[in-house]
Amino acid sequence: MATIKDCLNKIKTAIYGREVRQSIVDSIEQCYKDATGHPERISAGVNEIKEMDEKANLLSARMDTFTTLTEGSTTGDAELTDI
């Protein structure tokens with residue numbers, strides 16, 4: 001990850017027009033990433049949270065099924081009593 005100081009130095013020391021333009025573009029992109037908190041990382045975090053929510057919902061549904069077994073069922077009621 002480039003720092004602002006590195007980006008500005010590249011712009012200042014670039015000799016050819018192409019290098020100058022590319023340095024300016026790279027600097028603006030880096031500034032945007034720094035200002036927005038790196039969108040690709042945020043996107044990955046959001047996806048991870050969605051996966052965790054899905055797993056939590058699945059576990060909750062399993063627990064609901066487990067705890068709502070019919071009266072007298074020893075598979076579910078016995079386990080809940082022991083806990």
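Reply: Of the 83 residues in the protein chain, 10% are buried, where buried means under 20% relative accessible area, exposed over 50% and partly exposed in between, with a 1.4 Å probe and protein chains only. This is a predicted model, in which local features need pLDDT of at least 70 and side-chain atom pairs count only at pLDDT 80 or more, while totals for chains, interfaces and linings use all residues. Residues are numbered from 1 along each chain as its sequence is written, and side-chain values use heavy atoms, with hydrogens and water left out.

The protein chain holds four helices and zero strands, in the order α-α-α-α along the sequence; helices (H or I, at least four residues) and strands (E, at least two) are DSSP runs, numbered from the N terminus.

Helix 1 (residues 4-13) and helix 2 have axes that come within 9 Å and cross at roughly 165°; axes are lines fitted to C-alpha atoms, for helices over the stretch in contact, and angles run from 0 to 180 degrees between N-to-C directions. Helix 1 is therefore roughly antiparallel to helix 2, a term for angles over 145 degrees.

In the contact between them (heavy atoms within 4.5 Å), Ile 4, Cys 7, Lys 10 and Ile 11 of helix 1 meet Ser 23, Ile 24, Ser 27, Gln 30, Cys 31 and Asp 34 of helix 2. The residues of this contact comprise five nonpolar, three polar and two charged; Ala, Val, Leu, Ile, Met, Phe, Trp, Tyr, Cys and Pro count as nonpolar, Asp, Glu, Lys and Arg as charged, and the others, Gly among them, as polar.

Ser 23 belongs to helix 2 (residues 17-36). Ser 23 counts as buried because its relative accessibility is 10%. Leaving aside residues up to four places away in sequence, Ser 23 touches Lys 10, Ile 11 and Ala 14.

Val 20 also lies in helix 2, and its relative accessibility of 25% is why Val 20 counts as partly exposed. From C-alpha to C-alpha, Val 20 and Lys 10 are 7.8 Å apart in space, and they are ten residues apart in sequence.

Note on methods:
Parallel < 35°, antiparallel > 145°, perpendicular 65-115°, else oblique.
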